[in-house]
Every structure is written in structure tokens, then in C-alpha cells.
Amino acid sequence: MNKNSLSENLTYQRKLKGYTQEQLSDKTTVTVRTIQRIEKGDVQPHLQTVKLLAAGLEIEIDELLILEDPKEEVIQRKWMLLLHGSPFLGLIIPFGSILFPLFLWIHKAEDSKVYDAHGRAVVNFHGTITLLFFLSLLSFFIIPGYNFFISGAIVLFGIITTIYNISRSLQTGTFKYPFSIPFLKPKEA
């Protein structure tokens, strides 16, 4: 529950009804000083006090309190770090750069649209990088000698882009994965 939203809602509802703080105090058993402190945001009132104020203003308690939606999860930095950083496990475990973000995305996609979008982008990008890497390894038969540089450039591009997006997602909450093939397309709204 946000103190500012409660104080703003109380002030708005009181002024909407045309009451002064003294008049509201007379209609309820809440003291003028308590009403002043609630409207300033200095205190967090008990639920009983909020009920008395709502009854005095002849409104529903929900118009004073903003209830948080339990389905909405606060976006946490640790999940953003795991989503964008887990592809580095692909340097140790084959296909880990796709599998670990995929499992995290499956786990967190329904919690938030933000996790869903970031997870799709990570899986699409690292799926594309892995595909390009294998194509560069197969290019050994077409252009022997140069495929080493092409493969190295692809891996280096993947590492630099991943580090950049870890930093960007933790600081601004955005990402930019260029040249991704959309294996996992965004949900239709």
C-alpha cells in the first residue's frame, strides 16, 4: 500500500465532498490531527481508521486504498540478470546458451509481460547465434581457412551483445538484440 496514494485519495475525496478536515473529523471519530497526518503522508493508518474515513465520506474503502494486483510481480533485477546472463553457460555446456534461457523464459513468462519479452528476445538471439556458428563451422568445406575467423567473429559478437544487454536491462529495463531470427514470435494481444 502506497502512503502517497492513500493521502492523495483522502484529500481528493474530502475536497470532492466539500468537507473540511474538521467536518470530516465530526462525521467520523478520527481526530483532526490524524486526518492531517494521513493527508500529509506522515503516517500509515490502521485499516479501522481507513474504514471510518470511508464511512464518513460515504464511499467504498477501495476508493481510498489502492490494492495491489497479486498477479503482477515487481520486476526484479535478479531475474533480468539470470535471463540475460544465463547464455554464458553455453560456453561450458553445449546448447546451454539456448536451453538455460529457454527454461527461465518458460518459468517466468506468465509472471510478467516484461519477462516474456526479454526471454523471447534472449532465446531468439542465442538461437540465431548458435545457428550462425554451426553454419560457419560447415563453411569449412566451402572456404577453408576463413571459417575460423568467421566463427570467432560470431562468438565474439554474441558475447559482446550479451554483456551489453545485461548492462542495459539492469539499468534501463530495455534490450537490443540485433539480427535475431524470430523463432519465438511475440504473443498477439
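**A guided reading of the model**

Student: In which loop does Ser86 lie, and is Ser86 buried or exposed?

Tutor: Ser86 is found in the loop between α5 and α6. The helices are DSSP runs numbered from the N terminus (H or I, at least four residues; strands are E, at least two). Buried means under 20% relative accessible area, exposed over 50%, and partly exposed in between, using a 1.4 Å probe and protein chains only. Ser86 has a relative accessibility of 7% and therefore counts as buried.

Student: What pLDDT must side-chain atom pairs have in order to count?

Tutor: Residues are numbered from 1 along each chain as its sequence is written, and side-chain values use heavy atoms, with hydrogens and water left out. This is a predicted model in which totals for chains, interfaces and linings use all residues, local features need pLDDT of at least 70, and side-chain atom pairs count only at pLDDT 80 or more.

Student: With which residues is Ser86 in contact, leaving aside its neighbours within four places in sequence?

Tutor: Contact means heavy atoms within 4.5 Å. With neighbours within four places in sequence set aside, the contacts of Ser86 are Leu81, Gly96, Phe100, Pro101 and Leu104.

Student: Which residues of α5 are buried, and against which helices do they pack?

Tutor: The buried residues of α5 are Trp79, Met80, Leu83, His84 and Gly85. They pack against α6 (96-108), α7 (113-138) and α8.

Student: At what angle do α5 and α8 pack, and are they roughly parallel or antiparallel?

Tutor: Axes are lines fitted to C-alpha atoms, for helices over the stretch in contact, and angles run from 0 to 180 degrees between N-to-C directions. Helix α5 (residues 77-85) and helix α8 (residues 147-171) have axes 9 Å apart and an angle of about 165 degrees. Angles under 35 degrees count as roughly parallel, over 145 as roughly antiparallel, 65 to 115 as roughly perpendicular and the rest as oblique. The two helices, α5 and α8, are therefore roughly antiparallel.

Student: Which residues of α8 does α5 meet, and how many charged residues does the contact have?

Tutor: From α5, Arg77, Met80, Leu81, His84 and Gly85 meet Thr162, Asn165, Ile166, Ser169 and Leu170 in α8. Ala, Val, Leu, Ile, Met, Phe, Trp, Tyr, Cys and Pro count as nonpolar, Asp, Glu, Lys and Arg as charged, and the others, Gly among them, as polar. By these classes the contact of α5 with α8 has four nonpolar residues, five polar and one charged.

Student: How are α5 and α7 oriented: roughly parallel or antiparallel?

Tutor: The axes of α5 and α7 come within 9 Å and cross at roughly 15 degrees. The helices α5 and α7 are therefore roughly parallel.

Student: Which residues of α7 does α5 meet?

Tutor: By class, this contact of α5 with α7 has six nonpolar, three polar and no charged residues. On the α5 side are Trp79, Met80, Leu83 and His84, and these meet, in α7, Val114, Tyr115, His118, Gly119 and Val122.

Student: Where does Glu58 lie, and what is its phi?

Tutor: Glu58 is placed in the loop between α4 and α5, and it counts as exposed because its relative accessibility is 56%. Most residues other than glycine have a negative phi. Although Glu58 is not a glycine, its phi is positive, at about 60 degrees.

Student: How far apart in space are Lys176 and Ser151?

Tutor: Lys176 is in the segment after α8, and its relative accessibility of 52% means that it counts as exposed. Lys176 and Ser151 are 25 residues apart in sequence, and their C-alpha to C-alpha distance in space is 22 Å.
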